[in-house]
Amino acid sequence: KNIRIQNLHYSSASNDNVVIGAENSGVYQKHTSTNQTQLTNNVVAGGVQNTISQSHNSSIVGGFLNKITASQYTSIQAGTLNTLGPGAVYSAMVAGIGNTLTHDNSVIVGGASIESDADGTLFCGKLYVQNTTRFNSDIDVNGVITAHEIQSTIQSSSIIYSSGSNNFGDAGTDHHSFTGS
């Protein structure tokens, strides 16, 4: 228990914490009340100045200046200046720079300066999908959609022309005749 290979910082209230080859990194327990849950089963393996504080079963593997604070069952895998903060229970972060995750059951993969905004969400810098992807709900896009081909099944459609030419003319005074042949 409490294995220290390099620069482990812990209090006597912590247990089963490990830091391996990490420079100035640590696992901390801050007591603010007598009913506070103990910090248990945490790991910092490699990296520089990474910190786990008031968490259980959390891990940081590599990276620089990453922090897990007041969260349970969370993990940061590499990256720089990433934070798993309060509310990030059962959440994870993989790489990225300057990301902040504070929501339950959420994941941030890569990206820069991403801040979580909902529980149960995947956030990523770019998403490349190689095979068919199906969505069982709406897709909300806050940018441009670029596609090589769009195939759709339309149940109803309305198109309103405010201006433009057609084969019958484009002025209100044009005469249109239909003969039925």
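**Contacts, burial and pockets in a predicted model**

Biologist: Not counting residues up to four places away in sequence, which residues does Gly125 touch?

Modeller: The model is predicted. Gly125 is in the segment after strand E13 (122-124). Beyond four places in sequence, Gly125 touches Val109, Gly110, Gly111 and Ile114.

Biologist: What separates the C-alpha atoms of Gly125 and Gly110?

Modeller: Gly110 is among the residues that Gly125 touches. The two glycines are 15 residues apart along the chain, and their C-alpha atoms are separated by 5.4 Å.

Biologist: What share of the contacts with a separation of 6 or more comes from residues 24 or more positions apart?

Modeller: The contacts in question are pairs of heavy atoms within 4.5 Å. Among those in the protein chain with a separation of 6 or more, residues 24 or more positions apart account for 11%.

Biologist: What percentage of the residues in the protein chain is buried?

Modeller: The protein chain exposes about 12400 Å², with carbon and sulfur atoms supplying 49% of that area. Of the 181 residues, the buried part is 28%.

Biologist: Is Asn66 buried or exposed?

Modeller: Asn66 sits in the loop between strand E6 (59-61) and strand E7 (67-69). Leaving aside neighbours within four places in sequence, its contacts include Gln49, Asn50, Ile60, Ile76 and Leu81. The relative accessible area of Asn66 is 0%, so Asn66 is buried.

Biologist: Which residue has its backbone nitrogen 2.9 Å from a polar atom of the Asn66 side chain?

Modeller: The Asn66 side chain has a polar atom 3.4 Å from the backbone oxygen of Ala78. The backbone nitrogen at 2.9 Å belongs to Asn82.

Biologist: What is the relative accessible area of Ser91?

Modeller: Ser91 lies in the loop between strand E9 (83-84) and strand E10 (92-94). Beyond four places in sequence, Ser91 touches residues including Tyr73, Leu84, Leu101 and Asp104. Ser91 counts as buried because its relative accessible area is 4%.

Biologist: How many charged residues are in the lining of the largest pocket?

Modeller: The largest pocket holds about 640 Å³ of space. It is lined by 15 residues, of which Leu127, Phe135, Ile139, Asp140 and Val141 are the closest to its centre. By class, the lining has 7 nonpolar and 6 polar residues, and the charged residues number 2.

Biologist: Which residues line the second largest pocket?

Modeller: The second largest pocket contains about 230 Å³ of space. Its lining divides into 4 nonpolar, 2 polar and no charged residues. The lining residues are Gly120, Thr121, Leu122, Phe123, Cys124 and Leu127.

Conventions. Residues numbered from 1 in each chain as written. Predicted model: local features only at pLDDT ≥ 70, side-chain atom pairs only at ≥ 80, totals over all residues. Heavy atoms only, no water. Buried < 20%, exposed > 50% of the residue type's maximum accessible area, 1.4 Å probe, protein only. Areas by Shrake-Rupley, 256 points an atom, 1.4 Å probe, with all protein chains shown as cover. 1 Å grid on protein atoms, 1.4 Å probe; cavity = no way out; pocket = protein on both sides within 12 Å on 5 of 7 lines; lining within 4 Å. Points joined across faces, edges and corners; volume = space filled by probe spheres on them. Nonpolar A, V, L, I, M, F, W, Y, C, P; charged D, E, K, R; others polar. Helix = DSSP H or I, 4+ residues; strand = E, 2+ residues; numbered from the N terminus. Polar contact = N/O pair within 3.5 Å; in protein donor to acceptor, adjacent residues only side chain to side chain.
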